[in-house]
Amino acid sequence: MKIAINGMGIAGPALAYWLHRFGHEPVLIEKAPGPRAGGYLVDCWGLGYDQAEKMGVLPKLLELGYHVQDVQWVNASGKISATFKPQILGQMVNDRFVTVERGDLAMAIFGQVEGKVEMIFGDSIATINEQADRVDVTFEHAPPQSFDLVVGADGLHSRVRDLVFGPMEQFEKYLEMRVAAIEVDDYQPRDELTFISHTEPKRQVSRFSKRNNKTLFLLGIREPLVGPGVPHTDDEKRDELKAGFAGMGWECPQILAALDHMNHIYYDVVSQIHMERWTRGRVALVGDAAACLSLLAGEGTGMGMLEAYVLAGELTLAGDDYATAFRKYEERLQSLIKTKQKNALKVAPTYLPKGQFAIFVRNIITRILPARAVARIALMSMKDNFESPEYEKQLNL
Ligand SMILES: Cc1cc2nc3c(=O)[nH]c(=O)nc-3n(C[C@H](O)[C@H](O)[C@H](O)COP(=O)(O)OP(=O)(O)OC[C@H]3O[C@@H](n4cnc5c(N)ncnc54)[C@H](O)[C@@H]3O)c2cc1C
């Protein structure tokens with residue numbers, strides 16, 4: 001089948017990889033002028049790790065990824081208030097755990113499809129018109145085309161979802177948080193393989209020193225949704241971040257000053273997408289477009305890859321019967337995704353505590369509980385009650 005995939009983040013290229021491998025003809029469309037690197041760190045384990053391995057990108061992730069040695073929370077003067085050794089998490093999943101930059105993961109998957117599938121950059125699906133035997137699609141720039149199916153892999157603010165299922169507000173659960181990810185050159189101080197955060201009520205700034213003298217920062221803020229949401233231009237994002245994090249201690253003044261030299265700031269709402277159905281007619285959604293978990297789950301990329309694999313596998317097993325494939329795609333994954341969304345919500349109070357007392361309690365618990373106990377608690381929400389299908393075997397590939 002000829003299948004249009006709108007969006008080339010993580011889920012889109014992963015879907016293109018599997019569709020191409022299973023003998024279909026995917027066409028990837030991305031609104032940005034090139035593949036989108038950027039973003040913060042993602043932990044890769046469990047089902048996501050298995051998917052990275054299946055797609056052949058694991059060696060690249062292990063080469064570019066990090067094995068974080070220490071997670072620290074520091075007070076306003078930089079003194080350590082609590083610390084946690086995350087290697088214990090890795091040991092509990094047989095060392096199948098690596099922390100990678102979202103951008104490195106995106107580029108690794110992109111590398112697996114580059115030159116093999118058609119890609120249209122700097123464009124977007126503009127209209128979708130379903131017919132009995134095809135879907136007619138117009139683009140913002142390219143000439144119209146017809147496809148057998150259309151997939152929206154265009155992220156949290158999906159255009160395809162808007163066009164086919166209705167406005168985002170119907171499906172969005174805003175978690176009263178916004179998050180920004182920025183990268184700075186030559187920042188000092190550095191702490192290798194250490195993830196350091198400073199938390200004040202409703203605000204947290206984290207720093208991670210990367211290779212090549214680069215540093216990543218993650219800025220999280222609790223805020224009810226006011227006005228038109230997160231601004232679009234870098235200048236507006238800078239202004240909002242500077243206002244939101246003004247007056248924070250630790251290295252925050254220096255970090256906010258570094259914003260002046262930054263472009264392509266990732267700054268977005270922390271929201272989940274809850275939909276009863278991820279498919280309608282000849283159109284399907286994958287990744288954040290279908291069921292964003294939010295960064296609190298730490299598994300948005302892994303689930304995006306898994307959804308792509310299951311969608312491609314079911315479409316291939318079902319032959320021309322895309323309706324059956326779509327149903328099976330939803331049946332196989334919806335309960336897993338719902339559980340992950342629920343688990344993510346439980347993380348919110350510890351990720352961005354609302355008050356000083358909650359920060360104190362978090363620090364005390366992290367300090368007094370043995371690392372193994374903390375890891376066991378973390379693993380309870382990391383454990384998956386899900387048997388991944390093996391489409392390559394079923395298809396004799
Ligand atoms: C640049 C960037 C940085 C990110 N950084 C973080 C981060 O630091 N922390 C975090 O938790 N999550 C981050 N995310 C989100 C994270 O990547 C996703 O939660 C997860 O990877 C699921 O992947 P996805 O492919 O569904 O969505 P995404 O990775 O968001 O990819 C969606 C893709 O669709 C494209 N797109 C959007 N609208 C259109 C359109 N109308 N037409 C064509 N293409 C379109 C986007 O440019 C993007 O390439 C980031 C996303 C991006 C794009």
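In what order do the strands of the open sheet of 7 strands stand? I looked that up first.

**Entry: ground rules.** I noted that the model is predicted, that local features need pLDDT of at least 70 and side-chain atom pairs pLDDT 80 or more, and that totals for chains, interfaces and linings use all residues. Residue numbers start from 1 along each chain as its sequence is written, and side-chain values use heavy atoms, with hydrogens and water left out.

**Entry: the sheet of 7 strands.** I read the order as β5-β4-β13-β14-β15-β12-β16, with mixed pairing. Helices (H or I, at least four residues) and strands (E, at least two) are DSSP runs, numbered from the N terminus. Two strands pair if DSSP finds at least two bridges between them. As background, strands of a sheet pair through backbone hydrogen bonds, either parallel or antiparallel. At the edges I found β5 (80-84) and β16 (266-273); each has a single partner strand, so one side of each has no neighbour in the sheet. From one strand to the next the twist averages 20°. Axes are lines fitted to C-alpha atoms, for helices over the stretch in contact, and angles run from 0 to 180 degrees between N-to-C directions.

**Entry: β4 and its partners.** I followed β4 (residues 70-74) to β13 (residues 194-200): the two run parallel and are joined by 5 bridges. V71 stands opposite F195 in β13. Toward β5, β4 runs antiparallel, with 4 bridges, and W73 has A82 of β5 as its bridge partner. β4 and β5 form a hairpin with 5 residues between them, and G78 in the turn has a positive phi of about 90°.

**Entry: helices across the sheet.** Helix α11 (residues 322-351) lies across β12 (172-185), β14 (203-209), β15 (214-222) and β16, at about 65° to β12. Helix α12 (residues 356-368) lies across β4, β5, β13 and β14, at about 50° to β5.

**Entry: the loop between β12 and β13.** I found P189 in this loop, and the peptide bond from Q188 to P189 is cis, with omega near 0°. L193 lies in the loop between β12 and β13 too; L193 is not a glycine, yet has a positive phi of about 55°. For comparison, most residues other than glycine have a negative phi, and most peptide bonds are trans.

**Entry: the sheet of 3 strands.** I noted a second open sheet, in the order β8-β9-β10, with antiparallel pairing. Its edge strands are β8 (125-130) and β10 (145-147), each pairing on one side only. The twist here averages 30° from one strand to the next. β9 (residues 135-139) is joined to β10 by 3 bridges, and V135 has F147 as its bridge partner in β10.

**Entry: the ligand.** Which residues come nearest to the ligand? Of the 28 residues around the ligand (each with a heavy atom within 4 Å), I listed A11, E30, Y40, R102 and D288. By class the shell has 10 nonpolar, 10 polar and 8 charged residues. A polar side-chain atom of R102 lies 2.5 Å from an oxygen atom of the ligand. A side-chain N or O atom of S124 is 2.9 Å from a ligand nitrogen atom. The protein covers 90% of the 910 Å² of accessible area that the ligand has on its own (Shrake-Rupley method, 1.4 Å probe). I also noted that β2 (25-30) and α10 (300-317) are the elements giving two or more residues to the shell.

Terms used
A polar contact is a pair of N or O atoms within 3.5 Å; within protein, one must be able to donate a hydrogen and the other to accept it, and residues adjacent in sequence count only if both atoms are side-chain atoms. Ala, Val, Leu, Ile, Met, Phe, Trp, Tyr, Cys and Pro count as nonpolar, Asp, Glu, Lys and Arg as charged, and the others, Gly among them, as polar. Contact means heavy atoms within 4.5 Å.
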